[in-house]
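Let's take a friendly walk through a protein model. Keep the sequence and the 3D view side by side as you read.

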Amino acid sequence: MASAAEQLASNLNFSTFAKAEDLKKRLWFTLAALLVYRLGTHIPLPGLNPEAYAQAFRGQAGGILGLFNMFAGGAVERMAIFALGIMPYISASIIVQLMTSVVPTLEALKKEGEQGRKVINQYTRYGTVLLGTLQAYGIAVGLESGQGIVADPGWFFRISTVVTLLGGTMFLMWLGEQITARGIGNGISLIIFAGIVAALPTALAGTLELGRTGALSTALILTVIVVAIAVIMLIVFVERAQRRLLIQYPKRQVGNRMFQGDTSHLPLKLNTSGVIPAIFASSLLLLPATAAGFAGNSEMPGWATTIISALGHGQPAFMVLYGLLIAFFAFFYTAIVFNPKDTADNLKKHGGFIPGIRPGERTAEYIDYVLTRITVVGAAYLVFVCVLPELLIARTGVPLALGGTSLLIVVSVTLDTVAQIQGHLIAQQYEGLIKKSKLRGGKRGR
């Protein structure tokens with residue numbers, strides 16, 4: 001079956017795509033939904049002074065607001081109705097996912113199949129509303145504290161801001177679910193992807209302008225481009241890399257016939273944790289700089305100023321801590337999302353076993369051993385991909401359009417979307433082959 005699927009995938013061409021009407025409808029729906037999202041990032045929040053806010057944002061762009069602005073597609077910089085973006089939903093999803101490994105009730109729901117997943121998804125939506133409300137209220141209070149940013153401070157502004165920003169987040173969550181159901185790819189990931197990619201033209205134009213004026217040498221720009229291409233190739237290779245454990249099933253007898261035992265593979269991704277470790281590490285390291293920006297340098301003690309300066313972008317302490325936090329979260333999140341004991345129990349329940357390993361506890365120990373070893377490689381890969389852009393910025397001064405985190409997101413989402421498109425095309429070819437075989441069978445019957 002795998003070889004047949006690979007052969008079909010190799011035969012995909014433009015004519016196959018032209019015949020896939022359902023796929024084209026899904027693509028057009030996805031593009032239209034992303035266009036709606038991009039339009040919403042340019043609709044400003046009412047009651048603000050744009051000039052005063054732009055000046056205040058420039059002072060905070062190096063902190064956590066800059067990270068949120070990247071994920072929100074520039075909506076934070078403009079304080080648009082989608083300024084919260086989809087981050088409250090992602091945060092709620094991660095929290096609920098972590099709690100499923102701690103709270104027995106949620107762990108039981110996770111094992112109930114589709115019905116349990118629906119309940120967990122509902123809890124995630126409730127968590128999104130709670131987190132979104134708290135963050136929106138915090139933004140409203142923060143805007144009021146700025147000098148001249150809010151035209152008419154007070155409870156009316158706070159309530160209207162909370163309703164507007166929370167409504168924007170809930171709309172994006174609904175839009176992402178619609179893209180997943182009626183479009184192509186994962187809707188939430190594509191919304192983040194669209195926000196990051198939207199900033200690329202401006203960033204590239206700025207870099208080329210620096211080259212034209214002589215601020216950056218042509219050789220340096222070309223070197224950075226070559227390094228970026230090499231890093232993208234590395235991400236593609238690692239994100240598709242798997243360690244496959246051979247799973248064997250015993251022979252079975254049906255009636256008087258004996259069937260040979262089947263074999264399959266248990267795929268373990270080299271980077272099981274995905275981009276989550278980079279997001280967590282960036283958020284934690286940017287919190288001190290953000291707090292310092294709100295507090296003001298004059299109100300901070302000397303030791304706090306020293307620590308914040310040491311944790312600035314490009315500083316050795318920042319890079320070391322960044323790498324260590326990424327490695328820690330890579331192991332931590334992998335331990336949360338993949339449970340070797342549950343996997344071993346499921347294999348034992350269905351009669352599967354790893355050759356040479358006793359089913360049950362010994363299988364769980366072996367899977368955990370293999371998973372730990374490949375997570376070491378995955379964590380080293382994440383540290384390299386995320387720290388390298390920081391080193392380039394610190395040593396060369398080149399304003400990179402994509403950092404490590406955003407580059408990981410863009411490449412991973414692209415790979416997943418292309419895989420889904422190929423899956424639809426393969427399904428189209430399968431349907432065509434089935435129809436042809438039925439027509440031939442009908443002609444022979446006559």
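The report below looks at a nonpolar core, a pair of helices and one threonine.

## About the model

This is a predicted model, in which local features need pLDDT of at least 70 and side-chain atom pairs count only at pLDDT 80 or more, while totals for chains, interfaces and linings use all residues. Residues are numbered from 1 along each chain as its sequence is written, and side-chain values use heavy atoms, with hydrogens and water left out.

## The largest nonpolar core

A nonpolar core is a set of buried Ala, Val, Leu, Ile, Met, Phe, Trp, Tyr and Cys residues joined through side-chain atoms within 4.5 Å. Buried means under 20% relative accessible area (1.4 Å probe, protein chains only). Here the largest such core has 83 residues, and Leu48, Ile86, Leu143, Ile235, Tyr322 and Leu408 have the most contacts inside it. Helix 18 (residues 361-396) gives the largest share, 12 residues; helices are DSSP runs (H or I, at least four residues), numbered from the N terminus.

Because domain 1 (18-214) and domain 2 (215-438) both supply residues, the core lies between them. The domain bounds come from an automatic or database assignment. Not counting residues up to four places away in sequence, Leu143 touches Leu45, Leu48, Tyr53, Met79, Ile149, Val150 and Phe157, where contact means heavy atoms within 4.5 Å.

## A buried threonine

Where is Thr161 placed? Thr161 belongs to helix 10 (residues 155-182) and is buried, at 1% relative accessible area. Leaving aside neighbours within four places in sequence, Thr161 is in contact with Leu45, Ala136 and Ala140.

Thr30, Leu34, Tyr37 and Arg38 of helix 3 meet Leu190, Ile191, Ala194, Gly195 and Ala198 of helix 11.

Conventions: Buried means under 20% relative accessible area, exposed over 50%, partly exposed in between (1.4 Å probe, protein chains only). Helices (H or I, at least four residues) and strands (E, at least two) are DSSP runs, numbered from the N terminus.
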